[in-house]
Amino acid sequence: MTTTKKTGTEIKKKRLREKRIIIALLAVFVGVAGFSGYKIISIMSDYNTSETEYEGLNKDVVEKIETIDPVTNEESPYLDINHEGLKKKNPDYVGWLYIPGTNISYPMVLGDTNDEYLHKTFEGKYAYAGALFLDYRNKADFSDTNTVVYGHHMNNNSMFTQLDLFQNWEFGTKNNVFHIYRDNKVYIYQNYCFILTSSTGYAYTFNFATQRDYANHLATLKTEQYYETGVRADVTKPIVTLSTCQGINTGRRYVLVGILKEVIDMNDIRNH
């Protein structure tokens with residue numbers, strides 16, 4: 001049996017090849033790590049942009065009305081919104097949405113398209129979170145039978161992420177209203193249903209030719225609800241549909257539908 005001895009030159013060449021492979025692998029690793037780090041920094045910066053802006057808005061233009069309800073002995077759930085200041089910041093401003101029991105308290109806008117505020121904040125900065133915006137086909141005064149409001153489902157628990165909470169019956173029945181502030185009034189919407197639907201589903205129908213068509217729409221929503229809310233349909237009252245993604249690229253949407261319960265003049269609340 002014969003063996004072939006490798007020469008010193010061959011051994012050096014082999015070691016050099018191995019060294020080059022190691023260097024190449026290290027370069028790939030450093031590149032991947034660097035890109036990942038860059039992406040993480042970019043995402044954190046993006047989150048910081050939107051969080052800083054909306055936290056600032058809440059401090060600048062929103063005040064909690066400090067009164068005690070003499071019947072329930074509970075603090076007032078209402079806010080005092082500086083609509084004039086918001087309109088100066090952005091003429092597309094149409095109202096403020098507040099959902100008690102959640103961290104959802106944001107201005108709403110109406111753009112020329114549904115893409116305009118998809119990744120543009122209320123103050124016009126680029127951020128993935130964008131803004132809460134009405135469907136561009138809706139009227140700014142919420143006079144449509146169904147007004148649809150869109151918001152992103154963010155990983156940092158901002159924007160419309162906490163609509164997820166309404167999957168739970170106990171939470172949903174306890175926190176069963178949301179407020180829309182416009183002009184000098186607060187519009188109280190009672191939670192009619194919470195559903196999971198497609199991005200092109202019937203929930204996004206805006207107006208209806210007849211009351212029967214609207215009644216059918218309200219009835220269909222009930223067939224898809226997570227749980228019975230105990231709120232009855234009323235074809236004389238408009239609804240607001242709050243919509244957010246279930247997840248990335250699923251094509252599914254969580255939808256909370258509220259039906260108008262009452263309209264309260266803010267002066268009555270302030271003087272209570």
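Helix 4 (residues 211-223) has 13 residues, which at 1.5 Å a residue should span 18 Å, and the 19 Å between its end C-alpha atoms agrees with that expectation; the expected span is taken as 1.5 Å times one less than the number of residues. The model is a predicted one, in which local features need pLDDT of at least 70 and side-chain atom pairs count only at pLDDT 80 or more, while totals for chains, interfaces and linings use all residues. Residues are numbered from 1 along each chain as its sequence is written, and side-chain values use heavy atoms, with hydrogens and water left out. Helices (H or I, at least four residues) and strands (E, at least two) are DSSP runs numbered from the N terminus.

**Helix 4 and its surroundings**

- Tyr214, His217, Leu218, Leu221 and Lys222 are buried in helix 4, where buried means under 20% relative accessible area, exposed means over 50%, and partly exposed lies in between (1.4 Å probe, protein chains only).
- Viewed down the axis of helix 4, these buried residues fall within an arc of 140°, so they line one face of the helix; the arc is that of the directions from the helix axis to the C-beta atoms.
- An α-helix has 3.6 residues a turn, so residues three or four places apart point the same way.
- The buried residues of helix 4 pack against strand 6, strand 8 (185-198), strand 9 (239-245) and strand 10 (252-265), with contact taken as heavy atoms within 4.5 Å.
- On the other side of helix 4, Arg212 and Thr223 are exposed.
- Ala219 also lies in helix 4 and is partly exposed, with a relative accessible area of 42%; its C-alpha atom is separated by 9.7 Å from that of Arg232, which is 13 residues away along the chain.

**Salt bridges**

- A search of the whole structure finds eight salt bridges, each defined as a side-chain nitrogen of Lys or Arg within 4 Å of a carboxyl oxygen of Asp or Glu.
- Side chains of opposite charge can pair when their charged atoms come close.
- Glu84 forms one of these salt bridges with Lys88, the closest N and O atoms being 3.7 Å apart, and because the two are four residues apart in helix 2 (residues 83-89), they are separated by about one helical turn.
- Both partners of that pair are exposed, Glu84 with a relative accessible area of 55% and Lys88 with one of 66%.
- Glu123 and Lys125 meet through their side chains in a salt bridge of 3.8 Å, N to O, and they count as partly exposed at relative accessibilities of 35% for Glu123 and 38% for Lys125.
- A network of salt bridges links Lys89, Glu123 and Lys125.

**Asp135, a buried acidic residue**

- Asp135 is found in the loop between strand 5 (132-134) and strand 6 (146-150), and Asp135 is buried, with a relative accessible area of 0%.
- Asp135 forms a salt bridge with Arg137, the closest N and O atoms being 2.9 Å apart.
- The side chains of Asp135 and Arg137 also make a polar contact at 2.9 Å, a term for a pair of N or O atoms within 3.5 Å, of which, within protein, one must be able to donate a hydrogen and the other to accept it, with residues adjacent in sequence counting only if both atoms are side-chain atoms.
- Leaving aside neighbours within four places in sequence, Asp135 is in contact with Leu110, Asn114, Val148, Tyr150 and Phe206.

**Other loop residues**

- Phe142 is found in the loop between strand 5 and strand 6, is buried at 6% relative accessibility, and has a phi near 60°, a positive value in a residue other than glycine.
- Asp183, in the loop between strand 7 and strand 8, likewise has a positive phi, near 55°, but is exposed, with a relative accessible area of 60%.
- Most residues other than glycine have a negative phi.
- Asn175 lies in the loop between helix 3 (169-174) and strand 7 (177-182) and counts as buried at 14% relative accessibility; neighbours within four places in sequence aside, Asn175 is in contact with Pro100, Gly101, Phe166 and Asn191.

**The chain as a whole**

- The protein chain has five helices and ten strands, and buried residues make up 42% of its 272 residues.
- Of the contacts in the protein chain with a separation of 6 or more, 61% are accounted for by residues 24 or more positions apart.
- The protein chain exposes about 15,400 Å², of which carbon and sulfur atoms supply 53%; accessible areas come from the Shrake-Rupley method with a 1.4 Å probe, and for residues only the protein chains shown count as cover.
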